[in-house]
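Keep the structure in view as you read.

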Amino acid sequence: MRDFIQALPKTETHLHVEGALPYELLTQWQPEQWPPDPQFRSRAYRYPSFPEFDRILLDNALPWFTTADRYHEAAKVMFAKHVAQNVRYVETSFHLPVTKFIKVPGPEIIAALRAAVPAGLEVRIFAGMARTDINSDLRPTIDELHTWDDLAGIDLHGHEVQPTPPETATIWARVRAAGKVTKAHAGEFGGADRVREAIELLGVTRIQHGVRAIEDPAVVRLAAERGVTFDVCPISNVGLQVVPTMKDHPIRRLIKAGVRCTISTDDPLCFGNTLVEEYETLASELTFSRAELAALAKNGWEVAQVPAATRRAMLDEIDRISATTT
C-alpha cells in the first residue's frame, strides 16, 4: 500500500506555511530550545483546545519566521519533502498578520516562497487572515490583495468562535473578480452552520476542513449541489479533537453524499505528519481501498489551478497506476 500511495501523483491543497515549518530546522538552529521529538508532535498527543494549539504553533513558528529569507529557507525544505513524497502540486497559505509583526511586505514573502519552489513542483500561494483581521489595521493591506500578481488567492483562517464580519463577503467577491481563488476555514471548531455561512455568504467553493458539515444533512446536500470541495486534514482533525478517533472521521460519509474531498496535512509542525501518512492512515484506520485513495488523489487535481492538459495528464497517470497495481 505504501508503494501505491507513493506512486500516486498527489496534491496538497490545505497547508499553512508557518504551520509547516520543518521542525528539524529549529533543532539545528537552537537545539537547547527545541529538542527532538517534543510531546506535541507525537501521534498520541491531543491538543486540549484551539487556543492551546495556536499558542504552541506560534511559540514554535514565530521565532523562526522573522525575515523573507527565513520563509525562503523553510520553504526549500518544506517543498523538498513534497517532492520526496511524489507531491506534484501544492496550495499553501501564509498568515497575513505576520507581515505586520516582522514588517515585511506580503509580496516579498510571496517572492521568497516562489523562489524556493523546485523543478517538478507547482505551487500556488495564498494569503490567510483571521476573522478579527478584517476590520483591523490590516484592512488597507487586505483591500489591495486582489492586485497582487503572484497571489493565487485568499483564505479565512482562525478559530470559528469569532463572527465573520459582513464586509468579508465584499472582499472575497472582489478577489474572485480579479481571477483569484477564495477559501475559508469552516466546519472545524464551528458547526455545520459555519460551512453554510462560508458557502452562502462568502461564496466559496473551497472549504478548509468542512468535516462538521456532517452534523446537518442539509448543509452536506448544499455542499454537494454547489460543487464545493472540502480540503480535509484527517490527522489534524483527530489531534485537535474535532473527531474523537480516526475511526469516527466522517470523510467517507461526506464522499458518499457527493462532497468532493481532498487530503492534506494542515500543520505538520504541530502534528509531525506527512501526506503519505495521511493516505496510509485512511487505508489502515478507515479501510480505504486503493480505488478510494486514487479517487482522493484525482480530486486534488480536479481543483488544482493548472492547465487542462496538465490536469488530464495527472488524472490519466493515476488511472494507469490504479490499473497496473494490485
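Start in the loop between α6 (106-114) and β3 (122-130), where Val117 is found. The model you are looking at is predicted. Is Val117 buried or exposed, or something in between? Its relative accessibility is 25%. Buried would require under 20% and exposed over 50%, so Val117 counts as partly exposed. Set aside the neighbours within four places in sequence, and Val117 is in contact with Phe79 and Val123. Now look from Val117 to Asp3. The two are 114 residues apart in sequence. In space, their C-alpha atoms are 25 Å apart.

Next, move to helix α11, residues 234-239, which holds Ser236. Here the picture is one of burial. Ser236 has 0% relative accessibility, so it counts as buried. Which residues does Ser236 touch beyond its neighbours within four places in sequence? They are Glu188, His209, Asp266 and Phe271. With Asp266 there is also a polar contact, side chain to side chain, at 2.7 Å.

Helix α14 comes next. It runs over residues 275-285 and is mostly covered, with eight of its 11 residues buried. Which ones are they? The buried set is Leu275, Val276, Glu278, Tyr279, Glu280, Thr281, Leu282 and Ala283. After α14 comes Thr287, whose phi is positive, near 50°.

Now step back to the whole chain. The protein has 16 helices and nine strands. Its C-alpha trace spans about 55 × 45 × 40 Å along the principal axes. How does the radius of gyration fit a compact globule? For 326 residues, such a globule would have a value near 20 Å; the protein has 19 Å, so the two agree.

Of the 326 residues, 56% are buried.

Technical notes
Residues numbered from 1 in each chain as written. Predicted model: local features only at pLDDT ≥ 70, side-chain atom pairs only at ≥ 80, totals over all residues. Heavy atoms only, no water. Helix = DSSP H or I, 4+ residues; strand = E, 2+ residues; numbered from the N terminus. Rg over C-alpha atoms; globule rule 2.2 N^0.38 Å. Buried < 20%, exposed > 50% of the residue type's maximum accessible area, 1.4 Å probe, protein only. Polar contact = N/O pair within 3.5 Å; in protein donor to acceptor, adjacent residues only side chain to side chain. Contact = heavy atoms within 4.5 Å.
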